[in-house]
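The notes follow in the order I made them.

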Amino acid sequence: MNAKTPQFNKAIGAVLKTLAPHKRVCKNCAGEFDIFQEDIEFYNKLQVPPPTLCPSCRLQRRQGWRLNFLPIFYKKTCSAPGHNEKVITYYSEDNPVKVYDDNYYLSDNWDGLNFGVNYDSHKSFFQQFNELSLTVPHQSLQKDPKNVNSDYVIAGIQAKDCYYVTVPYLSENVYYSYLPAFSKDSIDVSETKNSEKCYECVSVENCYNCKFCHESSDCLDSYFLYDCRNCSYCFGCTNLRNKQYCFFNEQLSKEEYERRIKDIHLGKRSVLKEYVSLFGKMLSGAIRKNVSNIKTENCFGDNIRKSKNCFYSFLIIGDSENLRYCCSGDNNKDSMDVYGFASSSIIYESSGVVSANNIKFSLAVRIGIELEYSFECNNCQYCFGCFGLKNKKYCIFNKQYDEDTYWKTVDEIKTRMLEGGDYGEFFPLANSMFPYQDSNAQVELPLEKEEIVKRKWRWEDKKERDIDLSKLTTLKAHEVPDDIADVSDEILKVAVICEETGKPFRITPFELEFYRKMNLPVPIVHPLQRMKKRLEYRRPFKLWQYPCKNCGDMVYTAYDPTKNLRVYCEKCYLAEIV
C-alpha cells in the first residue's frame, strides 16, 4: 500500500475489506464469471477494485488497443515540425492521431512535456486522456529502438534484418511472420522459438530446416509434421517421437526414405499444392493433447513453458511465475490481466510492457516503474495519465510536478476515479486509436461492421490503395514459373499479382535466395493473405470443456469444439503417443 495516497488507501480499503469469492455478471456480454479467492489476493496486493468485465471481455478490450497479429500498414503524413513526408505506420491517413517518423520521434528534438495539461476535476479522466492522446505524437509502429534494419516491423524486441513481421523477439532474418522468438533465417512462420531455416511452420520449437511443420519440437530436416518430437528426416508424419526416416508414419530405411523424397519435387508449385492439401487432411485426423503445457507446475491454461502458478494463461514462453489471466509473455512474475509483456513484474490490466515493474492500466511501456494509465512512456517513473514521455518522473497528463504535489494530485485523481467507477477499468475500447477490424480483437473475437458501429467502437472504411498497375511490370499468378528452377533473377524486377486478392507484391532478394536454397516455389499469394491463413492454425486464448474423444472424461482444451478434432485427455494421449 502506498502511504503517499491516504485518501485513496482509505477508499480502496473499504472496497476490498469485505470482498469475498462470488459470481459476477459481465457488464459487456452479460455472462457470469467468478471472482476467486486467489483473484482477491491479487486485488489486495495491487490495491485495485475487482473487475466489472469477465476475463474474455477484459482481454478483448486490451486486444482492441493492439495491432500485432497482422501487419497492417498505411502511409500517413509525418506531423513533425517542418516535415510533410509519408511514413509507414499502422494509423491510416484519416486517423486523427499524429505520427512522427521514427528518427524524429526517438530524438531529443521534441519533449512530451510541451503537451502537458492540468488535470480538470470537472471532466472524466478518460475524456481528458483521450484529448491528450490526440495532441501528443505517436510512434509509427511501436518498434524497439534497438531494432536493426527492420523498418516494416510491429512491436517486438531487438529484431535484426526482419521484414513484414509482428512481434519479433530477439530474432534475425525473418520475413512475413508473427511472433518468432529467438529464431532466424525463416519465412512464413508463426509462434516459433529457437528455430532456424523454417518455412510455413506454426508453433515449433528447437527446429532446424523444417517446412510445413506444426506443434513440433526438436526436429530437423523434415516436411509436413504435426506433434512430432525429436524427429529427423521425416515426411508427412503425425504424433511421432524419436524417429528417423519415416514417411507418412511408415518406418523406412535411410536409403528407401531418400529415394522416395528424391522423387517428390516440392520445388514445383503444382506438386507442393498436392502435399499441402494432403497435410490438411492429416491434421484433421491427428491426435491432439487437450492442452500443451511443458515443464509447468500448478498451471491452468495452454502453451505454457517452464513456469509455475499460472492460472488461465496462454502462450507463456517461459520462466514465469504467479500469473493470472495473462497472454503472450516471457520471464514475468506476479501479474494479472496482461497481454504481451516480457521481463516484468507486478503488472496489471496492461499490454505491451517490457522491462518494467508495478505498471497498471498502461500500454506500450518500455522500462518503467510505477506508472498508471500511461501510453508509450519509455524509461519513466511515477507517472499517471501520461502519453509519449521519455526519461521523466512525477508527471500527470504530461505535466511535471515536484514529488509532494505529484502524490497529492494522484491521490485526488485516483480517489475521484474510484468513486466514479473509472479506477480499475482499462482504457475504453471506444477510445482505441485502432479500428476494431484492424486490431488483435478482430482476430480473437471477430465482429461484423454493424456490431462494431452499434457498440460505438472505432470502424474505418477501407480505401483502395491508388496503385497504377500500368506503371508496373507485373506477372499474373499463372505466369509465375511453376518450378523454382525456372525462376530467374528477373522476377525481382516485377510485381506478382496475388491469385486470391488481386493485390501486387514483390519478391525480395533474400526471399528468392531462400526459396532456391530450400527448393520451394515462389509464392503467388500476397504475404498478408498467407499470414491470415496461418492464423487459422493458432490456438486462441481460451479454453473449452468437452469430453475426451477416447475415454469420454471431461477435459479443458484450447481446441474449438466446432472443429470436431481428435482431442484426448492427457492420460489417453500419453497412452497412445508416448
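Predicted model: local features only at pLDDT ≥ 70, side-chain atom pairs only at ≥ 80, totals over all residues.

**Entry: strand 13**

I placed L220 in strand 13, which covers residues 220-226. L220 also belongs to a nonpolar surface patch, together with Y208 and Y233. I noted an area of about 240 Å² for that patch.

I then moved along to S222, which also lies in strand 13. S222 is buried, with a relative accessible area of 0%.

**Entry: positive phi**

I looked at two residues for their backbone angles. Most residues other than glycine have a negative phi. N239 has a phi near 55°, a positive value. I found N239 in the loop between strand 14 (232-238) and strand 15 (244-247). N239 counts as buried because its relative accessible area is 11%, under the 20% limit.

Y312 has a positive phi too, near 45°. Y312 sits in strand 20. At 22% relative accessibility, Y312 is partly exposed.

**Entry: cavities**

How many cavities of 30 Å³ or more does a search of the whole structure find? The search finds 4.

The largest cavity has a volume of about 390 Å³. I counted 30 residues in its lining, and R66, G156, V167, G352 and V354 are the closest to its centre. Which strand gives the most to this lining? Strand 21 does, with 10 residues. Strand 22 (363-372) supplies at least two. By class, I noted 16 nonpolar, 9 polar and 5 charged residues around the largest cavity.

The second largest cavity has a volume of about 180 Å³. Its lining holds 13 residues, and E191, K193, E205, N303 and L315 lie nearest the centre. Strand 19 (297-305) and strand 20 each give two or more residues to this lining. I recorded 6 nonpolar, 3 polar and 4 charged residues for the second largest cavity.

**Entry: second largest pocket**

Last, I looked at open space. The second largest pocket has a volume of about 930 Å³. I noted 42 lining residues, with E444, P540, F541, K542 and W544 nearest the centre of the pocket.

Which helix gives the most to the lining of the second largest pocket? Helix 3 does, with 4 residues. I placed helix 3 at residues 55-63. Other elements that each supply at least two residues include strand 2 (32-35), helix 7 (269-285) and helix 9 (440-444). Strand 20 (308-316) and strand 21 (321-360) also supply at least two each. The class count for this lining is 23 nonpolar, 5 polar and 14 charged residues.

**Entry: cross-references**

How values were computed: Residues numbered from 1 in each chain as written. Heavy atoms only, no water. 1 Å grid on protein atoms, 1.4 Å probe; cavity = no way out; pocket = protein on both sides within 12 Å on 5 of 7 lines; lining within 4 Å. Points joined across faces, edges and corners; volume = space filled by probe spheres on them. Nonpolar A, V, L, I, M, F, W, Y, C, P; charged D, E, K, R; others polar. Patch = residues over 30% accessible without salt bridge, like charges linked within 9 Å, V, L, I, M, F, W, Y side chains within 5 Å. Areas by Shrake-Rupley, 256 points an atom, 1.4 Å probe, with all protein chains shown as cover. Salt bridge = Lys/Arg side-chain N within 4 Å of Asp/Glu carboxyl O. Buried < 20%, exposed > 50% of the residue type's maximum accessible area, 1.4 Å probe, protein only.
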